[in-house]
Amino acid sequence: MTQSRFKDHLGRPIVAVTGMGVITSLGQGLQDNWAKLTGGVSGIHKITRFPTEGLNTRISGTVDFIELPAVNAVERSYAMARETTLEALAQAGLSGDFEGPLFLAAPPVEPEWDDRFRVVERCPPDENHGHAYNRLTAAMRAKADPVFMEAVQFGSISERLADRFGTRGLPVTLSTACASGATAIQLGVEAIRQGRTDRALTVATDGSVGAEALIRFALLSALSTHNDPPEKASKPFSKDRDGFVIAEGAATLVLESLEAAVARGAKVLGIMKGCGEKADHFHRTRSSPDGAPAIATIRAALDDAGLSENQVCYINAHGTSTPENDKMEYGAMLAVFGDRLKAIPVSSNKSMIGHTLTAAGAVEAVFSIQTMLTGTVPPTINYVNPDPAIELDVVPNVKRDADVSAVLSNSFGFGGQNASLVMTREPA
């Protein structure tokens, strides 16, 4: 009979994290990332991947240090996911086929315009082909282009990961904007809670920074234009914040039922205690100014975890550094935590790594667990001009030692996608 210590307050299997891997603009691997993150180092830099002349934003947190067989978003996203998964499995002490489901958060990739033009130019226009789309399909029919084909296949990243690591069943690929990474984790948690598996591989990756992506976000007035110096651009919760810094990264978490992890002698890094998600129908990109969906998301995560507001020791904020989103998130946290919010450390990893978009929720979950493991709260850097309308302890500029036993991590994305995770240390 299953022991009660392996069940949560609702009688569900407790879900443990036994392996983690991460890549950001700070570097590859958890050790390197954590040292720089807690040291207040920024990974934001000038863009060299493509020309930026004439653009208002010329900085990002791109990952340019991984060798790729072809330079496109799919190959870059796959490579980062592969490397973080290798790191996570090694930490979990797992080898061979994973034998559990794969839940992947991946960007809604599409080929860059120069790649499209390259294919179309193989088929000159004539009366039979007409517009560019017909020329493109004619060119593909005339001569296969495996590299281009791979670059436009949304599900190819998860299929390749599944083949590489021997996951079980059809891999799931999801894209819920900036909440994607947290949502992938939630799917893994639910699979274990429902008894469908003893373990799940949850991966989030985003290597989609290109000229087109940068211009699209710039047209939304969402990006910082503080180009010089780049490392000072991301200023969450500051009065002079002017937008987020687009970035890349990936993270993998190995989830297991606590019972299965203990049975095989695995080291438990933390517990995925609660998940919450709510939809926000206010606008295609903007969050509801009253914060109601975000408030409901945080409360849902706490309820799912069986924790009260008083038990949260640290909040890993969404903290994008956009004027509107930071204000909304503050209002949401204030509505949930009330006067106690001033006493809770609330920091934003995005001040150093930028906004890793699809990967953000998982990257920040890894850092949240690392906060509990090390007793070190990473800072919010570039905090020199506080916003008097946002009264938070943002752990300004310098890391802090703290005994953290429960963390709330928020991810609030475009399209009304809101997700929050509650993580705790291993139960005694």
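S411 lies in strand β14, which covers residues 406-413. Strands here are DSSP runs of E with at least two residues, and helices are runs of H or I with at least four, both numbered from the N terminus. The model is predicted, so local features need pLDDT of at least 70 and side-chain atom pairs count only at pLDDT 80 or more, while totals for chains, interfaces and linings use all residues. Residues are numbered from 1 along each chain as its sequence is written, and side-chain values use heavy atoms, with hydrogens and water left out.

S411 counts as buried because its relative accessibility is 1%; the term buried means under 20% relative accessible area, with exposed over 50% and partly exposed in between (1.4 Å probe, protein chains only). Beyond its neighbours within four places in sequence, S411 is in contact (heavy atoms within 4.5 Å) with C178, A179, A182, H318, G361, Q417, N418 and A419.

A182 belongs to the buried residues of helix α7. This helix runs over residues 180-193, and its end C-alpha atoms are 20 Å apart, which agrees with the 20 Å that 14 residues should span at 1.5 Å a residue. The expected span is 1.5 Å times one less than the number of residues. Twelve of the 14 residues of α7 are buried, including I185, V189 and I192. After α7 comes G195, with a positive phi near 80°.

I185 is also one of the residues that touch the most other members of the largest nonpolar core, alongside L253, L255, M272, F367 and I369. Such a core is a set of buried Ala, Val, Leu, Ile, Met, Phe, Trp, Tyr and Cys residues joined through side-chain atoms within 4.5 Å. The largest core has 45 residues, and helix α13 (residues 360-374) gives the largest share, seven residues. Another core, of 28 residues, lies apart from it and includes A305, A332, I344 and L408.

In α13, 13 of the 15 residues are buried. G375, just after this helix, takes a positive phi of about 70°. Helix α1 (residues 30-38) meets α13 through L30, N33, W34 and L37, which face V366, F367, Q370, T371 and T374. The axes of α1 and α13 come within 12 Å and cross at roughly 75°. The two helices are therefore roughly perpendicular to each other, a term for angles of 65 to 115 degrees between N-to-C directions of lines fitted to C-alpha atoms over the stretch in contact.

Technical notes. Axes are lines fitted to C-alpha atoms, for helices over the stretch in contact, and angles run from 0 to 180 degrees between N-to-C directions. Angles under 35 degrees count as roughly parallel, over 145 as roughly antiparallel, 65 to 115 as roughly perpendicular and the rest as oblique.
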